[in-house]
Amino acid sequence: AAVAVVVVPGTGAAANAAAPPPGVPNQSVKKVGERVKKMSPLLDDLQRDLFEEEWEFVREYPKQLRSFVPAFTRYTDAAFPSDTAVDESTRFALRYEVGRLSA
């Protein structure tokens, strides 16, 4: 399946906001990070169902995982907001992986 990834430099969610001091996550990162952490039990259940070969349950996971795409995108933009080459490369790589998750 083809995955479209669009990266526009300087358009991260926090690109226009004042950055917190180095090593201190901003509120947006904290908030969306909590949302991403809520995915942990779902992944635990998926792992268990795969191990136990409960295929009828495994079929239900893709749509549940897709519901986290907006949270992953917001986290990526908030956690790596600058126009530096490192942040841009990281955003690109993470958006690519999120695209694979939602394909």
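Two residues are said to be in contact when heavy atoms lie within 4.5 Å of each other, and in that sense L101 touches L65, R66 and F72, not counting residues up to four places away in sequence. The structure is a predicted model, in which local features need pLDDT of at least 70 and side-chain atom pairs count only at pLDDT 80 or more, while totals for chains, interfaces and linings use all residues. Residues are numbered from 1 along each chain as its sequence is written, and side-chain values use heavy atoms, with hydrogens and water left out.

**Overall make-up**

- The protein has six helices and zero strands, where helices (H or I, at least four residues) and strands (E, at least two) are DSSP runs numbered from the N terminus.
- Read from the N terminus on, the elements follow the order α-α-α-α-α-α.
- Of the 103 residues, 23% count as buried, a word that stands for under 20% relative accessible area, with exposed meaning over 50% and partly exposed in between (1.4 Å probe, protein chains only).
- Among contacts between residues at least 6 apart in sequence, 65% join residues at least 24 apart.

- The largest nonpolar core consists of seven residues, namely M39, L42, L46, V58, Y61, L65 and F68.
- The elements that give two or more residues to this core are helix 2 (40-51) and helix 4 (61-66).
- Such a core is a set of buried Ala, Val, Leu, Ile, Met, Phe, Trp, Tyr and Cys residues joined through side-chain atoms within 4.5 Å.
- Within this core, L46 is in contact with V58, Y61 and L65, leaving aside its neighbours within four places in sequence.
- R35 lies over the face of F68, at 4.7 Å from the ring centre; a charge sits over a ring if NZ of Lys or CZ of Arg is within 6 Å of the ring centre and within 35 degrees of the ring normal.

- A polar atom of the T76 side chain lies 2.9 Å from the backbone oxygen of F72.
- Apart from its neighbours within four places in sequence, T76 is in contact with R91, L94 and R95.
- R95, which lies in helix 6, is buried as well, at a relative accessible area of 15%.
- Between the C-alpha atoms of R95 and T76 the distance is 7.5 Å, although the two are 19 residues apart in sequence.
- The side chain of R95 also makes a polar contact with the side chain of D77, at 2.3 Å; a polar contact is a pair of N or O atoms within 3.5 Å, and within protein one must be able to donate a hydrogen and the other to accept it, while residues adjacent in sequence count only if both atoms are side-chain atoms.

- L101 belongs to helix 6, residues 85-102, and counts as partly exposed at 28% relative accessibility.
- E97 and F72, 25 residues apart along the chain, have C-alpha atoms separated by 9.8 Å.
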